[in-house]
Each structure stands twice: as structure tokens, then as C-alpha cells.
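Here is a short briefing on a protein model, written for a reader new to structures. Keep the sequence and the 3D view open while reading.

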Amino acid sequence: MEIKKSEWGGETMTAIVTVLFFGVAYGMILYLISVGLSVTMGLMGFVNLAHGVFAMLGGYAAVTLMNQTGMSLFAALPLACLAVTVVGFVLERTLYSRLYGRSELDQVLFSMGLILISMALVRLIWGPMAQPVQLPDYLKGQSLVGGIELPTYRFVLVAFGAAVIVALWVIFERTLFGARIRAAVDNRGMAQAIGIDTGRLFAVTFGLGTGLAALGGALGADVLAIAPNYPLHYIVYFMVVVAVGGLGSIRGPFIAALSIGLADTACKYLLPEMGSVFIFAFVFALLLWRPNGITGKR
Amino acid sequence: MTDRSTAAILLLPPDGVSGTRKALSMSLWLAALAIPTLVPGYTPLANQMVVMILFALSLDLLVGFTGIVTLGHAALFGTGAYTAGILALRLTNDPLITALCGMAAAALVGLVTGSCMLRTKGLAFLVLSLAAAFMLHELANMASSVTGGDDGLQGVSFSPLLGVFEFDFRGHTAFYYSLACLFAAFLLVRRVVNSPFGWSLRGIRENDGRMRAIGCPIYARRLAAYVMSSALAGLAGALQAQTTQFVALNSLSLELSGDVLIMLILGGSGRLYGAFVGVPLFMFAQDLLAKEDPANWYLGQGLILMVMTLFVPGGVLGLVERLRRNLGRGGRR
Amino acid sequence: MNGSAPILETRKLNRFFGSVRVTGDVDFALHPGERRAVIGPNGAGKTTFVNLLSGRLAPSSGQVLLGGETVTALGEAQRIKRGMGRTFQITSLFPNLSVRKNVFLAVAEHEGVAWNLFRSAASHRDQFGRVDELLERVGLADVAEVKAQDLPYGRQRLLEIAVALALRPKVLLLDEPAAGIPTSESHIILTILDTLPKDIAVLLIDHDMDLVFRFAQRITVLVQGSIMVEGTPAEIAANERVRKIYLGESDHAAA
């Protein structure tokens with residue numbers, strides 16, 4: 001995540017608003033990408049380091065659709081999301097499902113393998129450089145809000161992200177599908193006993209989780225640059241959001257993602273030379289205090 | 001201890017090792033000694049392998065024997081490398097003293113981070129191991145006046161080993177020095193994994209809840225293994241600095257942590273010789289595939305991992321063992 | 001009962017899971033050398049009770065005393081050092097290690113040699129002597145080198161007992177040692193139990209009424225987390241409420 005110095009005003013108020021704005025936008029992207037990981041890890045107990053791969057694929061798909069075919073952003077987003085959902089669903093059925101119940105080491109190694117293969121394929125197809133996002137004119141440039149200049153596209157990002165998150169919460173809390181997921185997270189044996197087809201549930205949930213990640217990756221292409229090292233470069237952030245937020249939860253990661261987005265942005269603004277050290281020191285302390293995250297059992 | 005001297009006990013192979021395996025092991029070590037004479041051009045590469053084998057062996061103590069999966073083992077390797085490098089530039093460039101300091105520094109970092117991290121397990125431990133290594137990497141990057149930042153520590157030179165053997169440009173001294181350290185570390189690790197302590201580590205790997213229920217102080221036992229592994233990783237890092245006269249920021253990276261894990265798994269973890277098989281295979285494959293395009297090498301590594309986890313659990317050594325057992329059964333029939 | 005001080009005792013022991021009380025005001029005493037069984041219908045809180053005794057769970061209130069000392073605040077490991085031993089309802093062994101190694105791990109911890117870093121385990125002859133003696137006692141000497149996971153299930157249960165005995169417990173908690181063993185073979189467990197040193201107090205939880213009534217000197221009946229009645233097997237068998245609540249169930253099942 002890069003913040004140009006020129007985007008920062010001199011006054012304190014401007015600084016606070018800017019940090020809040022960039023932090024929230026960043027946090028939302030982190031949340032969209034990581035929430036699926038939290039739910040699938042809580043559901044299947046699978047240590048999936050490769051979740052970032054799906055965010056990256058979403059980014060590549062959307063950028064390619066827009067740059068090559070001239071498709072609009074709002075047409076490219078759902079298409080990219082759909083394509084990656086299918087990829088996620090198929091991978092779950094063919095590969096991931098073979099490793100449920102295997103040791104943590106096997107799952108770590110397998111998902112590392114997936115990361116490396118995806119990095120190689122993406123590099124062979126799109127080359128080693130980061131993919132530039134070409135936004136339509138009306139989304140380029142800055143908007144003036146209360147005397148502070150902020151990039152227009154980030155407003156779209158925040159608004160769109162918020163809409164998706166609300167929809168997600170409604171699905172999770174209010175629909176039968178959501179209830180099934182919650183039941184299976186709580187007690188898989190019981191869920192099976194009352195007739196939930198957990199195998200199918202896993203696949204569908206995994207697909208949706210990867211689809212959300214793809215959406216996050218595509219929407220946030222100018223926040224987290226779309227390049228072949230993406231899944232490795234940002235892995236720490238995704239894993240931290242899930243670990244701090246708590247497995248199987250959709251609210252915990254929201255708090256975690258927003259906090260990390262805000263804290264990381266603030267740190268980089270106030271102490272650019274210290275980078276992300278503080279935030280990781282804080283995460284370190286937090287996980288020692290609550291190893292199962294802020295929503296998990298102590 | 002019995003009436004045999006400690007030195008004799010350390011050198012004796014553990015009980016129950018078959019004669020063929022003993023002979024194989026001996027010839028492997030002897031063959032290594034002949035590398036600088038037989039293929040002098042490959043001595044630097046062989047040295048690099050020896051250093052990585054030591055690093056992978058240290059990881060085996062955690063992953064293979066204790067069941068601790070860490071994603072940040074490079075933190076300890078890098079600590080050893082930077083300690084040796086910085087000391088050489090500022091204080092003393094005696095190889096043995098700086099190597100010992102590198103080990104001690106890594107052991108200390110292992111003690112501090114381990115005593116925190118080992119209170120957790122599962123996802124929290126994985127993330128903490130990532131975060132700890134990430135922090136060290138960032139710190140080394142920032143403290144560029146001491147560490148050289150992104151450029152690494154250049155031109156680190158060391159005085160002759162024991163005051164006699166110069167580190168020559170052909171790399172012979174470096175190779176024999178690394179090999180001697182690896183041999184000593186190997187004897188030590190072999191002793192340890194065959195001791196009651198080493199058995200208790202396997203017990204923890206198999207079923208930590210049961211170990212607790214037979215009165216084992218799991219946390220202390222794990223921490224001891226972690227510190228020991230850290231010291232050996234630190235030694236490997238120090239050797240790397242001394243024999244290449246360079247410390248790269250990469251020596252603290254997530255990539256290196258991943259690489260060493262892959263090397264170990266490729267050979268087979270929990271078997272002592274896994275590192276010896278995995279590292280050369282890994283480095284030959286890297287040499288072969290990375291030449292044209294780094295993407296080929298990523299693909300190679302990724303496929304190795306997938307195939308290993310899906311079809312060949314136990315690595316190459318596990319595969320050999322299974323083949324031999326099947327052949328043996330067939331022969332008897 | 002026999003005048004000696006109890007080796008294991010609980011006072012007003014309570015445990016809540018959320019708002020549900022799974023253990024309620026339990027006053028319980030076990031004397032040295034006693035053979036006791038705890039029975040109760042499914043969900044009566046028997047395993048919770050064993051976990052409270054062994055230190056795996058902390059009570060919500062009340063006390064646990066071992067050898068006359070309060071151990072309520074102590075964890076599992078410290079209670080083991082003071083003479084508590086247990087087996088698990090679900091077999092808990094070291095599946096990839098040999099039977100001998102399984103028992104050795106326990107002996108090594110108990111005799112304080114598990115911190116030996118540089119002496120090979122195989123050269124610990126005294127400890128292996130004790131391992132072999134224990135395997136002899138539970139009848140596993142012939143499979144000493146077999147991996148624990150390759151043993152038939154019934155013999156894994158015996159290995160559990162050997163591991164527990166390796167810690168020289170003063171109190172042995174057996175959580176359903178015959179679970180998963182056909183009733184026709186539960187007499188093997190009984191034979192092993194009969195050979196246990198006489199000074200060890202043994203607390204047995206099992207559903208196999210045949211085993212329970214032949215083994216126990218006294219029986220405690222737990223219902224909904226509380227002690228309903230305690231007495232000799234004959235008294236328990238004759239108790240109307242027990243028959244209704246507990247034994248009646250199996251009559252129904254049989255009918």
C-alpha cells in the first residue's frame with residue numbers, strides 16, 4: 001500500500017481525515033479478501049495459506065477484462081468474481097478436499113505449493129511486472145470533500161465494499177444457507193446428524209469465500225498492487241486478520257481488518273521509516289494475550 | 001552416564017542401526033571429503049549445500065521430531081549471519097568466535113521469541129512465527145547503518161581459521177570448515193534424538209495431550225528443542241556469512257523460510273538424513289529450472305510440494321523405505 | 001469406611017458449562033486401596049467428574065484434595081507428580097511409536113530421566129526393566145515392538161493401563177476402560193484390574209454393569225451431576241430409585 005506524500009495535507013485535521021479515509025478503504029479490502037478465509041478455516045479446519053491466490057486471480061481477471069476488452073469496471077468485477085468462484089469450487093472438490101483431516105504440516109505445504117504454482121502461471125501469462133489499473137475518466141483524479149482532496153476511486157471502493165459487506169452479513173445471519181454454515185462451524189458432527197450435506201456446504205462456502213477474495217483483489221487493485229508475488233507479499237496481512245479476528249467468525253475479521261488498515265496507514269504516515277514493525281509487534285502481543293483472536297474463546 | 005567417556009558416547013552410532021545403513025552413512029561422509037579434490041570447480045556449490053543441510057537439519061528437530069511447524073525459521077539463520085558479519089566488521093573477525101556468537105545470538109532470539117510463541121499452537125503459532133520473522137526482516141532493513149539495509153553486508157572477511165588456514169578463493173578451507181561443523185552438529189542431533197529427551201519430543205509430536213497427562217512439562221520441552229534448533233540455525237547462518245563473505249537481507253526472508261521447509265520435506269522430515277537428501281535435490285532442480293525463467297522454478301517447487309503432500313508423504317527417504325519394504329516382502333514370498 | 005484418611009476427596013465440587021450445571025455439590029471420598037465405581041446414565045457428568053479430579057478441568061467452585069492436600073489450583077501435570085493417574089475414554093496413545101516406547105515415555109517422565117539429552121534411551125536399562133515388567137503385567141510382552149496403532153483395539157486399552165501404571169499412581173482413574181470391547185471379552189480387563197497393586201485406589205467408570213458389579217467394593221451413582229446414592233453393589237442393586245433411573249434403562253433396552 002503506497003501513499004503519496006503529496007496527498008497529505010499539512011494540518012492535523014486533514015491528516016486525521018486522510019488517515020481515516022485511506023485506513024478504512026485499506027481495511028475493507030483486507031476484510032473482503034480475508035473473511036472467506038476465516039469462515040472456511042473455521043468450517044474445515046484447513047490451514048490455507050493460499051487464499052491470497054484467489055484475490056490475485058480476481059485482480060488479474062478484472063484488470064485484463066478492463067484493459068483488453070474495454071469492459072467497464074462494474075461489469076468486470078462480477079465477472080472476475082464469478083470466474084474465481086468457479087476456480088475455487090473446482091479446486092476445493094478436486095484438491096483441497098483430499099487434505100481435510102491431514103496434518104497441519106501437510107496443509108501448510110500443500111497451500112505453499114499452490115501459491116508457488118499460481119505465481120509461476122501468472123508470471124508466464126502476464127509477465128513479472130505489476131498490472132496497471134486503467135480507471136475510466138470519471139473515476140480518475142481527486143474529489144474535494146470538506147476542503148480535503150481525496151482520490152475519487154477510493155470513495156467508490158468504500159461504498160461498494162460497504163454494500164457487499166452488508167449483503168454478506170444479511171446472508172450469513174438471516175438465510176438458511178448462513179444458518180447452515182454457522183451450525184457446521186459450531187459442531188460439524190451435529191450438522192451432519194441433522195442432515196446437512198457438509199461436503200457440498202464446504203465446496204459452496206469455499207467457492208463463495210474465494211469469490212469474495214477475488215472481489216477484494218479486483219476492487220483493491222490500486223491498493224494492493226496486482227503482481228506475481230501478490231500471494232506471498234501480502235500473506236502476513238491476510239493471516240493476521242484471520243488470526244486476530246478469530247476463526248469461523250465474520251464480525252471478528254471485520255474489526256481486525258479495519259484496525260489493521262487504520263493502524264498500518266497511521267504508522268506509515270507518522271513513522272514512514274518504521275514501516276509495519278509496530279503493527280506486527282502489536283499483533284504479536286495481542287495473539288499472546290488472546291491466541292484464538294478477539295472473538296475466539298480464551 | 002556409564003564408564004565410557006562422553007566423547008566415545010557421542011561418536012558411537014545409536015543402537016539398532018543396521019550395518020548397511022552404517023556403511024552407507026560412512027561412505028557418504030567420506031565421499032563428501034573428496035569433493036574438493038575430485039570436482040574442485042564445484043567446491044563453492046558444495047559448501048552452499050553443506051550450509052543449507054545444517055539449516056534444514058536444525059529445522060528437522062522442530063518440524064520432524066517435535067511437530068512444530070514454523071514459517072519463520074530464517075529469522076534465526078539471519079540472526080546468526082548478521083551477528084557474525086557485524087562482529088567481523090566491527091569487533092573481531094576470528095571465525096570460531098564469531099560463529100559461537102552467531103549461535104548464541106540465535107539461541108537468545110529463539111529463547112525470547114520461542115518463550116512467547118510456544119504458548120500458542122495451530123494458526124496463532126503459524127502467524128506468530130510469520131510475524132516474528134517479518135519484524136526482524138523489517139528491523140534489519142531499517143537499521144541500514146549497521147546491517148547495510150537492502151544491499152546487505154558486503155566485504156565481510158575473516159581471519160584464518162585457527163590462525164592457520166586462510167579462507168582461499170577456491171573455497172577449500174570454507175568447505176572443510178562447514179563440513180566439520182555439519183558433522184559435529186549431526187552427531188549432536190543424532191545423540192539428542194535418540195535420547196530420552198528426543199523420544200519425549202516424538203511423544204509430543206504424536207500426542208501432546210497424552211504427554212501432558214504423563215507429567216511431561218511440554219512447554220519447557222518444546223522450548224528446549226526450539227532453542228537448540230535456533231542455535232544450529234544460527235550456526236548455519238554464521239557459516240554462510242563466513243564462507244561467502246556476504247550477508248544478504250534475504251537471509252531473514254519468508255522465501256528462505258519456505259525454501260528450507262521445502263528442502264527438508266523433499267528429503268523426508270523426522271529422519272535425520274532427510275536434509276542430506278533434500279538439499280542437493282532442491283539445489284540441482286533449482287539450477288536446472290531457474291536458468292531460463294524464475295517462473296519455471298516456482299512451478300517446479302509448487303509441483304514438488306503438491307506431489308509430496310498428495311502422493312509421497314515422507315519425502316524421498318520415505319519413498320525409498322516403502323519401496324524397500326515392499327521389495328523385501330515380495331522377496332520373502 | 002475403613003477409618004484411614006481418604007486419598008482423594010472432593011468438597012462441594014461444582015462445575016458449570018455456561019449456565020448448565022454438569023457437576024453439582026459433589027462430596028466424594030476415595031480411600032487407599034479402595035475399588036470404587038461411578039455409574040450413571042448418559043450425560044450424568046461422569047467424564048466431567050473424572051476431568052475435574054485429574055485436573056484437566058478446573059471446577060467452578062469447591063475443592064479437590066489429594067493425599068489430604070488441596071490440589072484444586074494445580075494442573076494435570078502437578079497432580080500426576082502427587083500420585084494421580086488416569087486413562088482416557090477415547091484411546092490416547094502415541095500411535096506411531098512402539099508399545100515399548102509408549103510405556104518408556106511414561107517411565108522416563110516419572111523417574112526423571114526425560115531431560116537426559118546425550119545418553120541414548122536404549123541404554124536406560126533400569127527403566128526398560130520396569131517397562132518390560134509392566135508389559136508383562138498387562139499381557140503385552142509379546143507385542144512390545146509393535147506400533148501402538150497396529151494393536152487391536154482391546155489391547156490398546158491394556159496399553160493405556162500400562163502407561164497409567166508406569167507413573168506409580170496412588171489413585172488410578174479409569175474412564176471406561178472397556179469401551180469398545182465386546183462384553184464377552186471384558187473379563188480380560190477385569191483380570192488385569194485384579195492384578196493391580198492392592199494399595200492403589202482405583203476409580204472405575206464404565207457402562208458395562210457386569211464389569212462394574214464384579215469389580216467394585218462400593219458404587220457411587222451420579223445423576224445430573226450430583227451424587228444420588230452411594231453403597232455396596234448389593235445395596236445399589238436393591239435400591240428402587242437406582243433401578244428406576246439407571247438400571248431401568250437397560251431393562252428397557254433389553255426388552
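How many bridges join strand 1 of chain C to strand 4 of chain C? There are five bridges between strand 1 (residues 8-17) and strand 4 (residues 61-66), and the two strands run antiparallel. This is a predicted model.

**The four-strand sheet of chain C**

- Four strands of chain C make an open sheet in the order 2-1-4-5, with antiparallel pairing.
- Strand 2 (20-30) and strand 5 (69-70) of chain C each have a single partner strand, so one side of each lacks a neighbour in the sheet.
- Helix 1 of chain C packs on this sheet and touches strand 1, strand 2 and strand 4 of chain C. The direction of helix 1 makes about 120° with that of strand 1 of chain C.
- One bridge of strand 4 of chain C pairs Ser61(C) with Asn14(C).

- Strand 6 of chain C runs parallel to strand 7 (residues 171-175) of chain C, and four bridges join them. Here Thr87(C) stands opposite Leu174(C) of strand 7.
- Strand 7 and strand 8 of chain C pair in the parallel sense over five bridges. Within strand 8, Ala201(C) is the bridge partner of Val171(C).
- Strand 3 of chain C is joined to strand 8 of chain C by four bridges, and these strands run parallel. Within strand 8, Leu204(C) is the bridge partner of Ala37(C).

**Buried elements of chain C**

- Is strand 8 of chain C largely enclosed or left open? Five of its five residues are buried, so strand 8 is largely enclosed by the rest of the structure.
- In a regular strand, side chains alternate between the two faces of the sheet.
- In strand 8 of chain C, Ala201(C), Leu203(C) and Ile205(C) lie on one side, while Val202(C) and Leu204(C) lie on the other, and all of them are buried.
- Helix 1 (residues 46-54) of chain C has eight of its nine residues buried, so the rest of the structure largely encloses this helix.
- The buried residues of helix 1 of chain C include Phe49(C), Val50(C), Leu52(C) and Leu53(C). Lys46(C) is also one of the buried residues of this helix.

**Domains of chain C**

- The domain assignment divides chain C into domain 1 (1-83 + 169-255) and domain 2 (93-167).
- The centres of the two domains of chain C, taken over C-alpha atoms, are 26 Å apart. Their contact takes 17 residues from domain 1 and ten residues from domain 2.
- About 1100 Å² is buried between domain 1 and domain 2 of chain C, and carbon and sulfur atoms give 75% of that area.
- Zero salt bridges are found across this domain interface of chain C.

**Contacts between chains**

- In the pairing of chain A with chain B, 42 residues of chain A are in contact with 39 residues of chain B. The buried area is about 3700 Å², with 86% from carbon and sulfur atoms. Zero salt bridges are found across this interface of chain A and chain B.
- Between chain B and chain C, 29 residues of chain B are in contact with 34 residues of chain C. About 2800 Å² is buried there, and carbon and sulfur atoms give 67% of it.
- Pro196(B), Trp199(B) and Arg210(B) supply 27% of the area that chain B buries against chain C, more than any other three residues.
- The count between chain B and chain C is one salt bridge. The side chains of Arg221(B) and Glu109(C) meet in a salt bridge at 2.7 Å, N to O.

Note on methods
Residues numbered from 1 in each chain as written. Chains lettered and ligands numbered in written order. Predicted model: local features only at pLDDT ≥ 70, side-chain atom pairs only at ≥ 80, totals over all residues. Heavy atoms only, no water. Buried < 20%, exposed > 50% of the residue type's maximum accessible area, 1.4 Å probe, protein only. Pairing = 2+ DSSP bridges. Contact = heavy atoms within 4.5 Å. Axes fitted to C-alpha atoms, helices over the stretch in contact; angles between N-to-C directions. Domains from an automatic or database assignment. Buried area = accessible area lost by both parts, 1.4 Å probe. Salt bridge = Lys/Arg side-chain N within 4 Å of Asp/Glu carboxyl O.
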